[in-house]
Amino acid sequence: MVSIFIPVLWVCLNSNCQFLQSLSHHTSVEQCEQSINIQKQGMLRQAARAGENVVIEGTCITANIKKEFLPVNIKKEKA
């Protein structure tokens with residue numbers, strides 16, 4: 001089994017909250033957390049330019065995957 005980490009954000013704008021899952025994945029929790037921080041900073045800048053109040057929270061979801069089902073790019077990283 002190999003663990004991958006998927007960034008997930010919850011964004012609330014004017015009392016309307018949405019769940020956003022990244023299309024990317026990471027092979028370490030540190031990379032995933034860094035990705036979340038970058039995404040949060042970008043969204044907060046956009047909200048500030050629009051004059052909107054926004055709440056953004058993020059976490060990394062861990063998925064444990066059997067090696068035979070791994071995407072090709074992860075198989076290469078683990079080789």
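Me: Which residue takes a positive phi in the hairpin of β1 and β2?

Reply: In this predicted model, Asn14 takes a positive phi near 55°, and the hairpin has two residues between its strands. Asn14 lies in the loop between β1 and β2, and its positive phi occurs in a residue other than glycine.

Me: Why is Asn14 called exposed?

Reply: The relative accessible area of Asn14 is 54%. A residue counts as exposed when this value is over 50%, and therefore Asn14 is exposed.

Me: What makes Ser15 exposed?

Reply: Ser15 has a relative accessible area of 78%. The cut-off for an exposed residue is over 50%, so Ser15 counts as exposed. Ser15 is found in the loop between β1 and β2, and it has a positive phi of about 65° although it is not a glycine.

Me: How do you know that strand β1 and strand β2 pair?

Reply: Strand β1 covers residues 2-13 and strand β2 covers residues 16-21, and six bridges join them in the antiparallel sense. At least two bridges are needed for two strands to pair, so β1 and β2 are called a pair. Leu9 stands opposite Leu20 in β2.

Me: What is the order of the elements in the protein chain?

Reply: The protein chain has two helices and three strands. From the N terminus on, these elements run β-β-α-β-α.

Me: What makes the link of Cys12 and Cys17 a disulfide?

Reply: The distance from S to S is 2.0 Å for Cys12 and Cys17. The two sulfur atoms of a disulfide must lie within 2.5 Å, so this pair counts as one. A disulfide is a covalent bond between the sulfur atoms of two cysteines. The link of Cys12 and Cys17 is right-handed, with 110° about the S-S bond.

Me: Why is the disulfide of Cys32 and Cys60 called left-handed?

Reply: The torsion about its S-S bond is about -115°, so this disulfide is left-handed. Cys32 lies in helix α1 and Cys60 in strand β3, so the pair ties together parts that are 28 residues apart in sequence. Cys32 is buried, and Cys60 is buried too.

Me: Which residues form the largest nonpolar core?

Reply: The largest nonpolar core has seven residues, namely Phe5, Leu9, Val11, Cys32, Ile36, Ile56 and Cys60. At least two residues of this core come from each of β1, α1 (29-50) and β3 (54-65). With three residues, β1 gives the most to this core. A second, separate core has five residues, among them Val2, Ile4, Ile65 and Leu70.

Me: Why does Ser35 count as buried?

Reply: Ser35 has 13% relative accessibility. A residue is buried when the value is under 20%, so Ser35 counts as buried. Ser35 lies in helix α1 and, leaving aside its neighbours within four places in sequence, it is in contact with Pro7 and His26.

Me: What makes His26 buried?

Reply: The relative accessibility of His26 is 16%. The cut-off is under 20%, and therefore His26 counts as buried. His26 lies in the loop between β2 and α1. Leaving aside neighbours within four places in sequence, His26 is in contact with residues including Ile4, Phe5, Cys32 and Ser35.

Me: How many residues does the protein chain have, and what share of them counts as buried?

Reply: The protein chain has 79 residues, of which 27% count as buried. The accessible surface of the protein chain comes to about 5,600 Å², and 53% of this surface belongs to carbon and sulfur atoms.

Technical notes: Residues are numbered from 1 along each chain as its sequence is written. This is a predicted model: local features need pLDDT of at least 70, side-chain atom pairs count only at pLDDT 80 or more; totals for chains, interfaces and linings use all residues. Side-chain values use heavy atoms; hydrogens and water are left out. Helices (H or I, at least four residues) and strands (E, at least two) are DSSP runs, numbered from the N terminus. Buried means under 20% relative accessible area, exposed over 50%, partly exposed in between (1.4 Å probe, protein chains only). Accessible areas come from the Shrake-Rupley method with a 1.4 Å probe; for residues, only the protein chains shown count as cover. A nonpolar core is a set of buried Ala, Val, Leu, Ile, Met, Phe, Trp, Tyr and Cys residues joined through side-chain atoms within 4.5 Å. Contact means heavy atoms within 4.5 Å.
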